[in-house]
Amino acid sequence: MVGYPRLQFVFLLFLLASMCTIQVSMACGEGCVAQKDCPAACDYRCSKADYHRKACLMFCNLCCNKCLCVPSGTAGNKEECPCYNNWKTKEGGPKCP
């Protein structure tokens, strides 16, 4: 009888972990990237930036590391990544390219 509460506890932990995993995988949309893939995703995102490429890469990587998402394409499509889209500067402009 002593092992039964422990078994319930382990089962509840497993159930909670499973629910969290499902929620995270469902929250990930079109532009989701693993943190290790941020540099490559941002390199493509900023590939058409001419004179401001260095700044584009810096802010894209900053945003990607925080949001784990980079919108598809070289411009636009920010609706794919709400965190990326909604992060603003102090002045209210977009922080992420």
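This is a tour of the model, stop by stop, with what to select at each one.

The model is predicted, so local features rest on residues with pLDDT of at least 70 and side-chain atom pairs on pLDDT 80 or more, while totals for chains, interfaces and linings use all residues. Residues are numbered from 1 along each chain as its sequence is written, and side-chain values use heavy atoms, leaving out hydrogens and water.

**Whole chain**

Start with a cartoon view. The protein has four helices and zero strands, and its elements run α-α-α-α from the N terminus on. Helices here are DSSP runs (H or I, at least four residues), strands are E runs of at least two, and both are numbered from the N terminus. Of the 97 residues, 23% count as buried. Buried means under 20% relative accessible area, exposed means over 50%, and partly exposed is in between (1.4 Å probe, protein chains only). Among contacts with a separation of 6 or more, 47% join residues 24 or more positions apart; a contact means heavy atoms within 4.5 Å.

**Helices H2 and H3**

Select 38–45 for H2 and 53–67 for H3. The two pack at an angle of about 140°, with axes 9 Å apart. Axes are lines fitted to C-alpha atoms, for helices over the stretch in contact, and angles run from 0 to 180 degrees between N-to-C directions. The angle makes H2 oblique to H3, because under 35 degrees counts as roughly parallel, over 145 as roughly antiparallel, 65 to 115 as roughly perpendicular and the rest as oblique.

Now show side chains. On the H2 side are Cys 38, Pro 39, Cys 42, Asp 43 and Arg 45; they meet Arg 53, Leu 57, Cys 60, Asn 61, Cys 64 and Asn 65 in H3. By class, this contact has six nonpolar, two polar and three charged residues. Ala, Val, Leu, Ile, Met, Phe, Trp, Tyr, Cys and Pro count as nonpolar, Asp, Glu, Lys and Arg as charged, and the others, Gly among them, as polar.

**The core**

Next, select Val 33, Cys 42, Cys 60, Cys 64, Val 70 and Tyr 84, which have the most contacts inside the largest nonpolar core, a set of 16 residues. H2 and H3 each supply at least two residues of this core, and H3 gives the most, with five. A nonpolar core is a set of buried Ala, Val, Leu, Ile, Met, Phe, Trp, Tyr and Cys residues joined through side-chain atoms within 4.5 Å.

Centre on Cys 42, in H2. Cys 42 counts as buried, at 0% relative accessibility. Leaving aside residues up to four places away in sequence, Cys 42 touches Leu 57, Cys 60, Asn 61, Cys 64 and Val 70. Move to Cys 64: on the same terms, Cys 64 touches Val 33, Cys 38, Cys 42, Cys 69 and Val 70.

**Cys 63**

Cys 63 is also in H3. Is Cys 63 buried or exposed? Its relative accessibility is 0%, so Cys 63 is buried. Beyond residues up to four places away in sequence, Cys 63 touches Leu 68, Tyr 84, Trp 87, Lys 95 and Cys 96.

Finish in the loop between H3 and H4 (82–86), where Leu 68 lies. Leu 68 is not a glycine, yet has a positive phi of about 55°; it is partly exposed, with 37% relative accessible area. Asn 77 is in the loop between H3 and H4. The phi of Asn 77 is positive, near 60°, and Asn 77 is partly exposed at 31%.
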